[in-house]
Amino acid sequence: MRDVAVRAGVTKQTVSNVVRGRVVVSEGTRARVEAAIAELGYTPNLIARSLATGTTMTVGLIVPTVGNPFYSEVVEEVEAQLERRGYHLLMATTRGDEKRARRHLSSLSSRSVDALLVADDFDLSEDLRLLGECGLPVVLCAWEIDPPDTLPVVTIDYERAGYLAGRHLRDLGHQRLLTVADLPAHRVRVQGVRRAFAEDGLGVPDTSVLAAPGTTPEDGYEVTLAALRAGARPTAVVASTDALALGVMASVRRYGLRVPEDISVVGIDDIPQAAHAHPPLTTVALPKRRMAQEATALLLRTLTGGGPAPPGVTLLDPGVQVRASSAPVR
């Protein structure tokens, strides 16, 4: 650190401020310090720094999976935001297992991470409350069902996402609808679809809501093809994720029908594959990167002396991305 300070023409404290990211440093000074760090190959001794400061400069992140593009983008954005402030990311996945989620909560908190970001919907409210009482900053994101009001939560208005999908199809004149959803996880999205149809006096009967066993294209393909073979004749399908929607479109083609000429298809998420589908998928875009940015900012504010983030829910608005998979009813 002393060598970096000499090379950059600053004090050791300034070098420390740049490395730790806890104090605002002018862009010119930061650039000189970072250039000196690169030239000298300086790497902070994290163990020594942890002992000296009582912090690890590490944030724990729990997500259900990285196989889902939604969570992959969340992880990427959280890591990018942390790196800009000199923090490291320690990640764990729950894989849809509540016991595994609890083990990760215990493991990450005992490994002395400075804060914890949880992107999941398991009933862990009591566990998270206890962590908060121990002084560990905790922020939740991507919480879809009944987010707790005792912790700061940054999430997306998933009910509105379903509503926008349903409203788009109603504006195109569709009345006969199938909804393919990962239930009960995405029941809020289905409620939004129903609200859009109810505005026009139309119901979405339970028989037209298909419960997919998961959120993969294969899940969407199987349940939709089975419904078509059983006699379902929708003019449109809403899928609770884009991955399911991709499977829905494949099943429609397999059945000998066309998208959108015979059946319009709308997804929810706006994963990268949606724009390159055949035809490109109309979807409700979820602002997942913005969500990750705001949730991480709440944690960093607490860690850098800005005070604890207040409990409460911040809802971010989704938006419709119209592409070629939806069209007016014929």
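1. Ile-62 stands opposite Val-118, a residue of strand 3. Strand 3 covers residues 115-118; strands here are DSSP runs of E with at least two residues, helices are runs of H or I with at least four, and both are numbered from the N terminus. The model is predicted, with local features needing pLDDT of at least 70 and side-chain atom pairs counting only at pLDDT 80 or more, while totals for chains, interfaces and linings use all residues. Residues are numbered from 1 along each chain as its sequence is written, and side-chain values use heavy atoms, leaving out hydrogens and water.

2. Strand 3 runs parallel to strand 1 (residues 58-63), joined by 4 bridges, and parallel to strand 4 (residues 138-141), joined by 3 bridges. Two strands pair if DSSP finds at least two bridges between them. Leu-116 has Val-138 of strand 4 as its bridge partner. Ala-115 and Leu-117 point one way from strand 3, Leu-116 and Val-118 the other way, and all are buried (under 20% relative accessible area; exposed is over 50%, partly exposed in between; 1.4 Å probe, protein chains only).

3. The largest nonpolar core has 50 residues, of which Phe-70, Leu-117, Leu-177 and Met-291 touch the most other members. Helix 12 (residues 288-303) gives the largest share of this core, 7 residues. Another core, of 22 residues, lies apart from it and includes Ala-227 and Val-265. Such a core is a set of buried Ala, Val, Leu, Ile, Met, Phe, Trp, Tyr and Cys residues joined through side-chain atoms within 4.5 Å.

4. Asp-269 is in strand 9 (residues 264-269) and counts as buried because its relative accessibility is 5%. Its side chain makes a polar contact of 2.9 Å with the side chain of Lys-288 (N or O atoms within 3.5 Å; within protein, one able to donate a hydrogen and the other to accept it, with residues adjacent in sequence counting only if both atoms are side-chain atoms).

5. Asp-270 lies in the loop between strand 9 and strand 10. Asp-270 has a positive phi of about 75° although it is not a glycine. A cis peptide bond joins His-278 and Pro-279, with omega about -5°, and another joins Leu-183 and Pro-184, with omega about 5°. Most residues other than glycine have a negative phi, and most peptide bonds are trans.

6. The average pLDDT is 88, and 89% of the residues score at least 70; pLDDT is the predictor's confidence in each residue, from 0 to 100. Over residues 50-54 pLDDT stays under 50. Where pLDDT is low, the predicted coordinates should not be read in detail.

Note on methods. Contact means heavy atoms within 4.5 Å.
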